Amino acid sequence: MRKFARHAVFYAVLIGIWALLGALKIWPTYVFPTPKGVGEALYAGFQDHSFWIAIAVSMKRMLLGYSLSVVLGMVLGLGVASNKFLEETMGGLLVSLQSLPSICWLPLAVLWFGLTEKAILFVVVMGSLLSVTIAMEDGRKQMPKIHSMAGRNLGATGLKLFWYVLLPASLPFILNGLKQGWAFAWRSLISGEMIFVSLGLGQQLMMGRDLNDMNLVIAVMLLIIAIGYIVDGLVFRTAERSLQRRWGLEPAS
Amino acid sequence: MTPNPALQPSFTGDHRNPARASNARWKAGAAPSVVSLRQADSDANPKVHLDGISLSYKTNDGKRLLALDNIDLKVQPGEFLCIVGPSGCGKSTLLHLIAGLNQPTSGSVLMDNKPVTAPGTDRILIFQELGLFPWLKVGENVEFGMKMKGLSKAERRERVDYYLRLVHLSQFKDSYTHQLSGGMRQRVALARALATEPDVLLMDEPFAALDAQTRDLLHDELERLWAETGRTIIFVTHNVREAIRLGDRVALISFRPGKIKREYRVDLPRPRQLEDVSVALCAREILDDLRGEIDKSLREQYGDKEVHA
Ligand SMILES: Nc1ncnc2c1ncn2[C@@H]1O[C@H](COP(=O)(O)OP(=O)(O)O)[C@@H](O)[C@H]1O
Ligand SMILES: [Mg+2]
């Protein structure tokens, strides 16, 4: 509760300074919007459902693209980790590919898939696939060998071994990668939507620019931050804490 | 109440009958009670039969390390066999082979005269490091093997309760393994192995890391469980007294290459205690044989020609 109070004070002061700067009217409001204007934009956006729709569309793309890259990344990562030749060759390639911003895949995606939903998904997948793959590969290597031996010893084979032993055993080692993958996917999605106009939060942002509506731009930016924060705090922190409790690991920090 | 009739105490006139071992000669502790055992003593229908197995590992410098060399060993149904040898002589390797987690370079492992090619729930290994699953609760750990076997949920639940009670851990069913002490974790591993109801229990230095009191307690519990369940146990240890305390028979493995150097039959009455004079006397005889092997092992590990501990 004290922590919450500190946060509340911090944000209140931040908004206060913002409001003060706005009230001084140093810049015109279409360049420097006030908290009140942004608040109204947020309210209006939710009132006329355009924000809800944008969020729903963006989240749907995220869930699809992210789940796809988690599944693919796990298979790829496991495959790479289980073969020495692949590990040497593919491993290096994956790391070097990771330096490519995923939005660079958009021209290729548009040429392959046209201006379709698939092109956006492709960009999202490419944004997070590599970090998930690399995390899975690392996790598989870091995972104590004893777990897979104990699993086989107790009669687990094939898919059962993967699902009941390898996956949970490597989870503490891949969770950070999964989290990073989500963050990359989220960024890729928004950049993709900004260039490739078809609903979603990125498009709302570009609409704000086209209409010269600074309030809308800031409101959407706040939404993007908030969603990122909520997913991180709610989904990944919860998973992290539950892992720490189960495994008896010291909480990080 | 009990889920499996095979688990009922079965003292049916076998070698575990205390009367069998009550040989007055040994009770006096005057003469060594271990007698070298000739291969000819072995029965024709062993539970586990290691038939001339050898195993060599590839080492990092590209050479081959002969860890086990032409091991012949027969284990009778219901027998408690202890395997002793210095660190690095291949004891764990041997158990992994029997468990089917590894394949011999030559020779074969036979279980009821059928070759072993993969892990199976008729043989369960309790690893030196235990290998409990930290993401599962104690009860779920015990349930794991049965789940893999495809037993019904009701049966699994019943057996989990039964085996947890057997190792006195009922009230820890919903704890995570990191919340337990070393001795309790050891018992969880035991319950998890027993719950799949294997014919053969393989134990790899299970009590090496425990304090003396806990170890004594677990010796008693293990002996009781063995008597009650009639399982065959192959128990690896580097502690000769522990081997005498528990085993019907002790096999000594030599260091590099790992061969069966000698076998001993232990004819002391049960229950035994680690501190018994007779146990100490038996241990002395085996230790004399073991000492040379330990020297070899130490010299190998520390590269010092002068080690004579
Ligand atoms: N996976 C492996 N690769 C190479 N050498 C191994 C491997 N496992 C064990 N060894 C070697 O084989 C020998 C026997 O090992 P181990 O069976 O663990 O001995 P013990 O259990 O008796 O201490 C040791 O010298 C060890 O270094
Ligand atoms: Mg060992």
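Residues are numbered from 1 along each chain as its sequence is written, while chains are lettered from A and ligands numbered from 1 in the order in which they are written. Since the model is predicted, local features need pLDDT of at least 70 and side-chain atom pairs count only at pLDDT 80 or more, whereas totals for chains, interfaces and linings use all residues; side-chain values use heavy atoms, with hydrogens and water left out.

Let's start where chain B meets chain A. Here 24 residues of chain B are in contact with 19 residues of chain A (contact means heavy atoms within 4.5 Å). The size of an interface is often given as the accessible area lost when the parts come together. For chain B and chain A, the buried area is about 2,000 Å², and carbon and sulfur atoms give 67% of that (this is the accessible area, with a 1.4 Å probe, that two parts lose on being put together, summed over both). On the chain B side, Leu101(B), Trp135(B) and Met148(B) lose the most area to chain A, together 33% of what that side buries.

What about polar links across this interface? The rule finds zero salt bridges between chain B and chain A (a salt bridge is a side-chain nitrogen of Lys or Arg within 4 Å of a carboxyl oxygen of Asp or Glu). It does find seven residue pairs in polar contact, both residues at pLDDT 80 or more (a pair of N or O atoms within 3.5 Å; within protein, one must be able to donate a hydrogen and the other to accept it, and residues adjacent in sequence count only if both atoms are side-chain atoms).

Three elements of chain B, namely α3 (91-99), β7 (123-126) and α4 (138-149), each supply at least two residues of the side that touches chain A (helices, H or I with at least four residues, and strands, E with at least two, are DSSP runs numbered from the N terminus). The largest share of that side, four residues, comes from α4(B).

Ser92(B) lies in helix α3 and Gln128(B) in the loop between β7 and α4, so the pair ties together parts that are 36 residues apart in sequence. At 23% relative accessibility, Ser92(B) is partly exposed, and Gln128(B), at 38%, is partly exposed too. (Buried means under 20% relative accessible area, exposed over 50%, partly exposed in between, with a 1.4 Å probe and protein chains only.)

Lys91(B) pairs with Glu205(B), the closest N and O atoms being 3.7 Å apart. Lys91(B) lies in helix α3 and Glu205(B) in the loop between β8 (200-204) and α7 (212-229), so this pair ties together parts that are 114 residues apart in sequence. Both Lys91(B) and Glu205(B) are buried.

Other pairs sit within one helix. Arg224(B) and Glu228(B) form a salt bridge at 3.6 Å, and they are four residues apart in helix α7, about one helical turn. Arg291(B) and Asp288(B) meet at 3.9 Å, N to O, three residues apart in helix α9 (residues 277-302). Finally, Asp220(B), Glu223(B), Arg245(B), Asp248(B) and Arg270(B) are linked in a network of salt bridges.
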